[in-house]
Amino acid sequence: MSQEKIARAGGELLEDPGPDGLITRGFLRGAGWPASMVRRRPVIGIANTWSELNPCNGGLRDLAGAVKSGVIAAGGLPLEFPTISIAEAFTRPSSLYLRNLLAMDTEEMVLASPIDGVVLLGGCDKTLPAQLMGAASAGKPAITLAAGPRPLSTWEGQPMTIEALWPLIDQRRMNQLDDDSWSRLEGCLSAGPGTCNVMGTALTMAVIAEILGMALPGSSLLAAGSPARTEAAKATGARAVTLVAEQRTPADVITDAALRNAFRGICAVGGSTNAVIHLQAIAGRLGRRLTTEQLRQLSSSTPMIADVKPSGEMLLQDLELDGGIPALMGRLRGIMELDSYAGDGRRWADAASDPRSVTGCLKSPANPAHRTGSLALLTGTLAPSGAILKRSAATPRLCQHRGRAVVFSGVEDMRARIDDPAMDIDADSVLVLRGAGPLGGPGMPEVGHLPIPARLLSRGVTDMVRISDARMSGTATGTVVLHVSPEAAVGGPLALVRDGDVIDLDADAGRLDLLVGPDELQRRQIAQPRTTFGGRGFEFLYRNHVTQADTGCDFDFLQA
Ligand code: FES
């Protein structure tokens, strides 16, 4: 069947007077839909990533019900369907490894099903970007709704957000957290369904969807399980019906200006570095791209005005009380391009609101939480195609740093040796991890936040410069340079670094350099890395077609 034929599959099947229509309507009647519903248009698919293997998305079943009622009230027919779901904490070798599979699942189901438009229900880190990628390629009207942040848990009587876990893990490594505390921590980690409750990857992606115009304005920060999120679900269902009437597709909404706004949004909320990879992948599905130079310029001209964890001090609910993303867009009038669409069909110029200044979480551009861009885009002899540093979560004095490399050739090597007392290392050393990129990982596992060696941790060292071709959790902090491209596994300079080499990081200048002469690097040059792989199934596709971090780690054949 040609691609053109697949692309024509849609809700018109329900109106077909012939056998195909009869069979389609007949099966829907058998599933319980009354005769009055089975010729209804538009048909709105609800792509649901609810799964018991993904507790963050555990609230999506209930939200799907609310979306359905919104679709029906607006005159449409809602048909929910499952796709695979990817849980950050459960999936091996890494969640990014499977993101493109979920994107393909979403695209193919949207294309092949008798639906006119789709509501995408996602949440945990990779689900929303994968759905946006798939919907962008499918080309039918689409809108997202995220699961929302989970309730706060408590630890030792204090509110606990997820980024507080990392220092507790360090305490356990130092034998400062006994078995009883470790066991109690397990019961305190998550207080219910919903995504991580700081501006980690999941919430950053929800914010991006809202700014892109692919979610209703004001919807991304509403708490999981709250009546407000249920109302947003109903409104999202209704909006999907009008999106079909307008025939507005993701390509109409995700313009260059919208992509620039979305990246500025990441900077303004001190969001996750992972979101930059996903944004490039979404852009690539539409034949668009933000260059490193553009990203650098956008970051340096966007103050971080949302003082939320993990880059800032306050809670997501504080940002929501101050007016959420519409207020953030309002605060950034003159910086954001407000002629872009918001998810309700208005332009952001009309959808942006005045900040409420209830909690003081939403700062002004003149007095931001972080003045220089929260993300530093780096290039240099160690990262010819780029690398990234979440500057707002880094130690300022380490953002200009020169030190001797201590190299780990893979995750297992790092885990085996990081606490080796014989290792020649001090607080000024630069920890280098390679072999953890898109191909080498595979899937860039979130290991770029290398642990501080126990010997240094016990002396009070809490941060060091760490460099890798891996990713890190959006909830982690530290002076951590990530996404070094090209990665070591495809022959990037990271593969040539040796213990004792001097590395120079200059975040102000946007540079990451290996201070080793070209002749010496030539001598170290290893045999050309493999570029084709055997094997089978998804791994075959992945290893032969995944692209580098600077182009979003999509498969080359899925980019527009
Ligand atoms: Fe699922 Fe953080 S682990 S959103």
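1. Let's start with Cys553, which is buried in this predicted model, with a relative accessible area of 1%. Cys553 lies in the segment after H20. Its phi is near 60°, a positive value in a residue other than glycine. Most residues other than glycine have a negative phi, and most peptide bonds are trans.

2. Is His483 buried or exposed? The relative accessible area is 6%, and the cut-off for buried is under 20%, so His483 counts as buried.

3. Two cis peptide bonds are also worth a visit. One runs from Arg92 to Pro93, with omega near 5°, and Pro93 sits in the loop between E2 and helix H4 (95-112). Another joins Lys309 and Pro310, with omega about 10°. Pro310 is found in the loop between helix H13 (292-300) and helix H14 (316-321).

4. Now for the aromatic rings. The count comes to six aromatic pairs. In one of them, the rings of Tyr542 and Phe555 have centres 5.9 Å apart and planes at 80°, so this pair is edge-to-face. The pair links distant parts of the chain, with Tyr542 in helix H20 (residues 537-545) and Phe555 in the segment after H20, 13 residues apart. Both Tyr542 and Phe555 are buried.

5. The rings of Phe555 and Phe557 have their centres 5.6 Å apart and their planes at 35°, so the pair is tilted. How accessible are the two residues? Phe555 has a relative accessible area of 0% and is buried, whereas Phe557, at 40% relative accessibility, counts as partly exposed. Tyr97, Phe538, Tyr542, Phe555 and Phe557 form one aromatic cluster.

6. Tyr341 is the ring to inspect for charges. Which residues lie over the face of Tyr341? Arg248 does, at 3.9 Å from the ring centre, and Arg347 does too, at 4.2 Å from the ring centre.

7. On to the sheet. Four strands form an open sheet in the order E2-E1-E3-E4, with parallel pairing. The edge strands are E2 (77-82) and E4 (142-146), each of which pairs on one side only. Neighbouring strands of this sheet are turned by 20° against each other on average, direction ignored. Inside the order, E1 (residues 43-48) and E3 (residues 117-122) pair in the parallel sense over five bridges, and Gly45 stands opposite Val118 in E3. Helix H9 (residues 227-246) lies across E1, E3 and E4, running at about 175° to E4.

8. Finally, helix H8. This helix covers residues 201-212, which makes 12 residues. From its first C-alpha to its last it reaches 16 Å, close to the 16 Å expected at 1.5 Å a residue. How many of the residues of H8 are buried? The count is 12 of the 12, so H8 is largely enclosed by the rest of the structure. Among the buried residues are Thr201, Met205, Ile208, Glu210 and Leu212. Just after H8, Gly213 takes a positive phi of about 90°.

Key
Residues numbered from 1 in each chain as written. Predicted model: local features only at pLDDT ≥ 70, side-chain atom pairs only at ≥ 80, totals over all residues. Heavy atoms only, no water. Helix = DSSP H or I, 4+ residues; strand = E, 2+ residues; numbered from the N terminus. Expected span 1.5 Å × (residues − 1). Buried < 20%, exposed > 50% of the residue type's maximum accessible area, 1.4 Å probe, protein only. Pairing = 2+ DSSP bridges. Axes fitted to C-alpha atoms, helices over the stretch in contact; angles between N-to-C directions. Contact = heavy atoms within 4.5 Å. Phe/Tyr/Trp six-rings, centres within 6.5 Å; stacked < 30°, edge-to-face > 60°. Lys NZ or Arg CZ within 6 Å of the ring centre and 35° of its normal.
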